[in-house]
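Let's take a walk through a protein together. Keep the picture open beside the text and follow along as we go.

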Amino acid sequence: SWQEWLVVLALQLRRRVLSYPDGALLYAGASPPQENYDERLALLFGPLLQAGLPHQLARGAILSVLRFTIGWSIDEQVAHSRGADRNPETSEGDFEFGVRTFILGTERLAERARG
């Protein structure tokens, strides 16, 4: 389902950026070239479009989850750099809860769009 695909995407991105020192900050500070930006972004939200979500909703859902993921990861990396001892399993569970909350909101908005 698009919902599980989005959860997996977010979890994989989080794990990837956390695997590098300051990986989330580096990702956040990267500026992709503006040429063909929407076309490249569309590759990410294609599964949501295929599931029947309207274009703007699919785009918004992807951008929201990506930005949430990076923001969450920055928070984790900053806390770690300051010596905070967080349980990685608890943090991942809390993170996944947040992603699933975005998904529930997206489902509600899709229901409204359908009428």
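Let's begin with who touches whom. Take contacts in the protein between residues at least 6 apart in sequence: 74% of them join residues at least 24 apart. Keep in mind that this is a predicted model.

The C-alpha trace spans about 50 × 35 × 20 Å along its principal axes. Of the 115 residues, 31% are buried.

Start at helix α1, residues 2-18. Which residues of α1 are buried? They are W2, Q3, L6, V7, A10, L11, L13, R14 and V17. Look at the spacing in that list with this in mind: an α-helix has 3.6 residues a turn, so residues three or four places apart point the same way.

Now bring in a partner. Two packed helices are described by the angle between their axes and the distance between the axes. The axes of α1 and helix α4 (residues 55-81) come within 10 Å and cross at roughly 35°, and the crossing is right-handed. On the α1 side, the contact includes W5, L6, L9 and A10, while the α4 side includes I62, V65, L66 and W72. What kinds of residues make up this contact of α1 with α4? Twelve are nonpolar, three are polar and two are charged.

Next, find helix α3, residues 37-50. Its 14 residues reach 20 Å from first C-alpha to last, close to the 20 Å expected at 1.5 Å a residue. Even so, α3 has a kink of about 55° at L44, shortly before the proline P47. The buried residues in α3 are L41, F45, G46 and L48, and they pack against α1 and α4. Just after α3, G52 takes a positive phi of about 100°.

Finally, zoom in on one residue, S91, which sits in helix α5 (residues 88-114). Is S91 buried or exposed? Its relative accessible area is 8%, and under 20% counts as buried, so S91 is buried. What does S91 touch, leaving aside its neighbours within four places in sequence? It is in contact with R14, W72 and E76.

Technical notes:
Residues numbered from 1 in each chain as written. Predicted model: local features only at pLDDT ≥ 70, side-chain atom pairs only at ≥ 80, totals over all residues. Heavy atoms only, no water. Helix = DSSP H or I, 4+ residues; strand = E, 2+ residues; numbered from the N terminus. Expected span 1.5 Å × (residues − 1). Buried < 20%, exposed > 50% of the residue type's maximum accessible area, 1.4 Å probe, protein only. Axes fitted to C-alpha atoms, helices over the stretch in contact; angles between N-to-C directions. Left-handed = near helix turned anticlockwise from the far one by under 90°. Contact = heavy atoms within 4.5 Å. Nonpolar A, V, L, I, M, F, W, Y, C, P; charged D, E, K, R; others polar. Bend = angle between axes of the 7 residues up to and from the residue.
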